[in-house]
Amino acid sequence: MAAATSHLSLCSSSSSAASLSQTQTCSFFKKEADLFSRFAAFPRKTQSSTWVRRVRPRKSFQLKFSSNGSPLNAVSLQDSGSSVAKKGLGTQEEEASSFLYSEPRKAESTLSITVVGASGDLARKKIFPALFALFYEDWLPENFCVCGYARTRMTDEELRNMISKTLTCRIDKRENCEDKMEQFLMRCFYHAGQYNSEDNFRELDMKLKEKEAGKLANRLFYLSIPPNIFVDVVRCASLRASSGDGWTRVIVEKPFGRDSESSGELTRCLKQYLAEDQIFRIDHYLGKELVENLSVLRFSNLVFEPLWSRNYIRNVQLIFSEDFGIEGRGGYFDNYGIIRDIMQNHLLQILALFAMETPVSLDAEDIRNEKVKVLRSMRPLQLDDVIVGQYKGHSKGSKSYPGYIDDPTVPKNSTTPTFAAAALFINNARWDGVPFLMKAGKALHTKRAEIRVQFRHVAGNLYRRNFGTDLDKATNELVLRVQPDEAIYLKINNKVPGLGMRLDCSDLNLLYRARYPREIPDAYERLLLDAIEGERRLFIRSDELDAAWALFTPLLKELEDKRIAPELYPYGSRGPVGAHYLAAKHNVRWGDLGSED
Amino acid sequence: METIPSSRIRSHATALPSHSTQSSSVHGRNGTATLPLAPKKFLPAKASCRRKSSINALVGLQDGAVAAAVNPVEKEVPFKTLKDGLLAFTSLEENKDTNGDGDSVSITVVGASGDLAKKKIFPALFALFYEGCLPQHFTIYGYARSKMTDVELRNMVSKTLTCRIDKRENCAEKMDQFLKRCFYHSGQYDSPENFVELDKKLKQHEGGRVSNRLFYLSIPPNIFIDAVRCASSSASSGNGWTRVIVEKPFGRDSESSAALTKSLKQYLDEDQIFRIDHYLGKELVENLSVLRFSNLIFEPLWSRQYIRNVQLIFSEDFGTEGRGGYFDNYGIIRDIMQNHLLQILALFAMETPVSLDAEDIRNEKVKVLRSMRPLTLDDVVIGQYKSHTKGGITYPAYTDDKTVPKDSLTPTFAAAALFIDNARWDGVPFLMKAGKALHNKRAEIRVQFRHVPGNLYNRIIGTDLDLATNELVIRVQPDEAIYLKINNKVPGLGMRLDRSNLNLHYAARYSKEIPDAYERLLLDAIEGERRLFIRSDELEAAWALFTPLLKELEEKKTIPEYYPYGSRGPVGAHYLAARYNVRWGDLTVDQ
C-alpha cells in the first residue's frame, strides 16, 4: 500500500508535478498492478482510483446514489472498494479518511510550512490548529515540518507549548488524539529572526534544509504579519529561503492595500520577488463550506440554473454580522473600516462567485476569469447607494457596552464605519437591474453570515384573487446560511393543511447538522490544503484584486474626503435604520429581519 | 342556493344555537347590513373552517336571488384571533333569508349500514361538526334497507367517531350533540314511497326553513339509478338545492359509464351530480396546485424542457382479503388508475387555469385528458399477486380469496406509460403504477428532472452525474411530505457530491392533524364547490383513454405477471420504465 501511494503522490503534490509524463505514470501503474497481484482481490480497483487521483489530486468526487438509484458510479464503487482493501490489509491509519482519499504521500519530497508571525493571534487560533487538523485527517504529506518564525526569542519547546494549548481533536473521532498531537508537535520548530533580515532567513533556510535531508523541497510561507512588513518578508524569504528544486509559495492575508493605488503598489512589490502563481491571497470566506457549495448547488442541479438571472431573481442579499465590537483591537481596524475589512473582499468575492457565468471548467483560472468578468461589469459604487454606521455605547440591563470611540485603541473623533450597507449592480445581460445588497456590521444583535436570494413574484398569481392580501410579497427565497449552523433552505408557499385554503410560507430545509454528522472543517484547513496542493481556485488573483479595488476606491475616497459622518447605532442593535431606507430605495426588504428568518 | 352572481361568501358559525361559546367563531349574521351583489369580501372566521372563493360559474341553478349579509364590524376582530398570524381567508355565509335564521341542510347517507358509511362518511361529518364547519341547522339521515331505530344507528355511528387529537376537550359533549342530529330511515332503494316518507321526515326537521338536501350514495352501482330516481322524484328539496354525491365505480368502460351518466341526467342536472374521487381531496394533491401556481420557482420548470418524467405511484400492502367480489369485476386499472391516478395526472399537467374556479380548473383538466394518447397494450404491464410464505406466515394469493374465481385474470397490479401530446408535455413519459399486496403502502408523485446540460462536475468526477438528477417528491400518504432532491457538496475537505433533500415534512412543520379527504369533499359538496368533483366530460375523456386497452386486455385474456404477496411487484414494471429511459424512483436505496 505504501508503495502504491508513493507513486501516486508524484502527481499529486503540485501542478508542475502533475504534469509528469503520461508514460511514466503508466509504467507506475504497471508496476503497481504487478505488486498487487498478490492481493488478488483489489488490484484493479486501487489502480483505477489512482487514475482518478492522478487526473485530479485530492478531489475525489463521489456521488452516493443516482437519482434513479442506478448503481453507484464507477469511481465511488472503486472508492469504497479500495477502502475495504486498506482495512483488509490492516493499515488502520487509512481508516480515518476511509470515505475520502487520504492525501498521497511522497517519500521523495518534503513540505516545509513556515508560519511567519508565529506568535500572533491568527497563527495561534487558526493556522496551527488547521495544520494539526490536516495532519490528523491524514491530508499532509508524509514528510513535512512546520516552522514558526517571529522576532520573539523562543525555543522549539516553548513554541510547542504555545501551540498545544489551541489544538483540538475532531469531535467525531477522539481516539489517538494525544498520540497524534504528540506526533504533530514533534514536527513543529521555531526560528527567531527579524522580518527584514536576509541573514536570519538564510539561517532559516539552513534549518529547513536540515529537515529536508536532501529530498525534493517544497516550501510554503504563511505571512501572518502586519501589511507594512509584507514586502520585507517576501523579499527575504524569496531571496534567501526559496526552495532550490521544489516549489515556493506564499500565502498572504488581508489587507491587500487600502485602495487601488496601495494595492497596486503591494502587488507590484510582491511580483518583484514572486511570480503570480506563487502568490496565494487568502480570503477565508471562500473556504467556507457553504460558499464552496454555492457552485455545486448552481451547476450540478437542474432546478436552480434556469432561475439564476434577472428574469427570476429580484434581488440578492449578502449579509455579515458580528455580535461584538473591536474590543481593544481597533488599532488595525480604525485604519480600514468595515467596507475594506469585510465588503470589498469577503462579500464581494461571494457576490462574484454567485453571479458569474458558467465557467469553462472548474479549474482555478477558468473560475477566476469568470469572477473578474463579473467584477469588471459592475457599476462603481455611488455614495447614494451606501450607508455607513458606527456603534455607540449602550446599556442593557445592568450591563453597559462601550461605543466604538470608547475603545482606547480608537481615536476619539474617528468616523471609521463599523457598519455599512450598499447596493451594487452588475451591468451585464444576466443581472441588469437586479440589486445586490450587502450589509456588514460589528456589534450587532447576532452573529451570522448568509446569502439570500429573493425571487420575483409569481406573475398572474392565481391565488392572489382569493386573498385580500398581497401575495406578491410572499415570494420564494433561497437562503444559504454560511455561519453559524450551516443550512440551506428554500422558502415556498404552501397550503396550510386543513379544510380551508390558507397559504403559508414553509421551508424546504437542509440543515447540515441534521444531515451530516461530521464536523465541518474550518475554512483555513481547506485553504491551507489547497495552497499545499497548488489549487488556486479559492485564492484571489491580482487582476481580481485590482477590479475589486477599482469598484470601491472612488467611494472610499469620497467617504473620507467628505468626512461623511456614520449613522450611530447602539451596540447590540440591528444596525442603523438607514439600511432599510437604502433597501426601500431599490424596492427590497432585508430578509434577515423578518419575524421568521 | 348560493347565488349572488359575483359573490358567494359564507362561513358557518358553529352549530350551537345563538352564539357559539368559541370566541373565535364569526357570526356574520348579527346586525347585518344587506348588501345585494356585494363585492367579494373575505372575513376571517374560525381559522380551521372554511373560506369560499367567489364562483361566478355556479350562478343561478335552482337558487333564488339572495343577499349577502356582511357584518363590517367583525372584520378586524378575527385577525387577532389567528394565533399563527398566517394568511387566512374565510368568508361569511351568504345569508339567504333576511331574518338571519339560516338554511337547513339535510344529509342523507343512502346505504348507511355499509362499510364506507361507517368508516368514512359519518366520521367525516362528525369532524366537520366538531370543527364548526357545518351550518347551524343540519340533520343527518341514515337510509338503508335494514330495520334499525335511531338509537341503533347512533350506537353504530358512535363506535367510529374520534376527536381531533389537537383538541380533545368537549369531545364527549360534541359527540352527543352530533348523535342527536342523526336519524335513521329504513326503506328500499327503489321505492318512491319509502323516499316520500323520508321526505316527510326531513321536512319535519327542516321546520319550514329553506331546505338544502345532500344525498350521499354509498351503495353498489347497480342500484345507483334507482336510488337517484326515487330521491330526485320523491325527496328533492322544494326551495333549496338538492345534490347527490356518487362514489366510484362510474361504469366499467366508456359505454357503461355513458349509460350511467345518461340515466343520472334524466333525474339530475350536471351541477347536482357530485362524482367523488377522494384522492382529489388529499391534502398534498390539493397542495399540488398551490406549489405550482403560488411559487415562482416551480412553474418555469414545469414542462418537457426540464422534466424528464413524472411518476404516479400507488401501493397497498394488503390484498383483497375476502372482499374480491367487487374488485374482481373491475381490477386495479379501473379501481385506481383510470380515476385516482389519472385525475392527479391531469391536475399536475394542466395549463394554468383562468382562475381557481371549478369550471376553469376542470376545463383545463379535460384538455389534458383529451390531449393524451390512448393507451396501448405495449405500454402497460399487469400483474397479479400470488401466495407467499414469509417467516412462517403464509399470505394468500389473489385467487385463493374465496370471493374471487379460481381462474381470474383480473390484474391486482398495473404499470403504464402515458403521454400527453401537447406542446408542454410532448415526449415526457408519465408513468403510473398501482398495486395491491405490495411491500408497502404509499401514494406519491415523483417528478424527475432532466440532467444538467454540460454539467461542470461531470468532467472531474469521471462518472455519469447525469443520472443524479433532481427530483421533486410529493408524498401523498402516509406521512405527508414534500422534498426536493438536490446535489450537494458533502462537507469536508475534498469535493464529493451527494444527494441531499430539501425537506418539508408535514408532521414536523404542522402540528394540526390533516383532515381526511372525505371531510374536505363533503364540505365542498355542501358548499357547492365543484373543483374536486369529476364532471361528466372529464369522466368521458378518462374512459376514452382506458377503454380500448381494457377491452383488449380482456378479449385477449392477457395473463398477468405473477408476483409474490408483499413483494415489490412484477419486474415487468422495470422493463416498461426502461423502455422509456426511466427508472422508478420509489425502489431505490435512498428514496
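Ala213(A) is exposed, with a relative accessible area of 53%, because a residue counts as exposed when that value is over 50%. In this predicted model, Ala213(A) lies in the loop between H9 and strand S4 (216–223) of chain A, and Ala213(A) has a positive phi of about 50° although it is not a glycine. Most residues other than glycine have a negative phi, and most peptide bonds are trans. Glu321(B) likewise has a positive phi, here about 45°, without being a glycine, and Glu321(B) is placed in the loop between S9 and H9 of chain B. At 47% relative accessibility, Glu321(B) counts as partly exposed.

| Feature | Residues | Value |
|---|---|---|
| Positive phi | Ala213(A) | about 50° |
| Positive phi | Glu321(B) | about 45° |
| Cis peptide bond | Lys254(A) to Pro255(A) | omega near 5° |
| Cis peptide bond | Gln477(B) to Pro478(B) | omega near -15° |

Pro255(A) sits in the loop between strand S5 (248–252) and helix H11 (260–273) of chain A, while Pro478(B) is found in the loop between strand S16 (471–477) and strand S17 (481–489) of chain B.

Helix H9 of chain A, residues 198–212, also holds Asn200(A), which counts as buried at 14% relative accessibility. Leaving aside residues up to four places away in sequence, Asn200(A) touches Tyr149(A), His191(A), Gly193(A) and Gln194(A).

In chain B, 7 strands form an open sheet with mixed pairing, in the order S5-S4-S3-S6-S7-S8-S19. Strand S5 (182–186) and strand S19 (533–534) of chain B stand at its edges with a single partner strand each, so one side of each is left without a neighbour in the sheet. Within this sheet, strand S6 (residues 211–217) and strand S7 (residues 242–246) of chain B run parallel and are joined by 5 bridges; Leu214(B) has Arg243(B) in S7(B) as its bridge partner.

The second largest pocket holds about 1400 Å³ of space. Its lining consists of 36 residues, of which Asp115(B), Leu116(B), Lys248(B), Arg323(B) and Tyr326(B) lie nearest its centre. Helix H2 (115–130), strand S9 (307–315), helix H9 (324–349) and helix H13 (517–527) of chain B each give two or more residues to this lining, and H9(B) gives the most, with 6 residues. By type, the lining residues of the second largest pocket divide into 14 nonpolar, 9 polar and 13 charged. Domain 2 (104–247) and domain 3 (280–587) of chain B both contribute to the lining, so the second largest pocket lies between them.

Terms used. Residues numbered from 1 in each chain as written. Chains lettered and ligands numbered in written order. Predicted model: local features only at pLDDT ≥ 70, side-chain atom pairs only at ≥ 80, totals over all residues. Heavy atoms only, no water. 1 Å grid on protein atoms, 1.4 Å probe; cavity = no way out; pocket = protein on both sides within 12 Å on 5 of 7 lines; lining within 4 Å. Points joined across faces, edges and corners; volume = space filled by probe spheres on them. Helix = DSSP H or I, 4+ residues; strand = E, 2+ residues; numbered from the N terminus. Nonpolar A, V, L, I, M, F, W, Y, C, P; charged D, E, K, R; others polar. Domains from an automatic or database assignment. Pairing = 2+ DSSP bridges. Buried < 20%, exposed > 50% of the residue type's maximum accessible area, 1.4 Å probe, protein only. Contact = heavy atoms within 4.5 Å.
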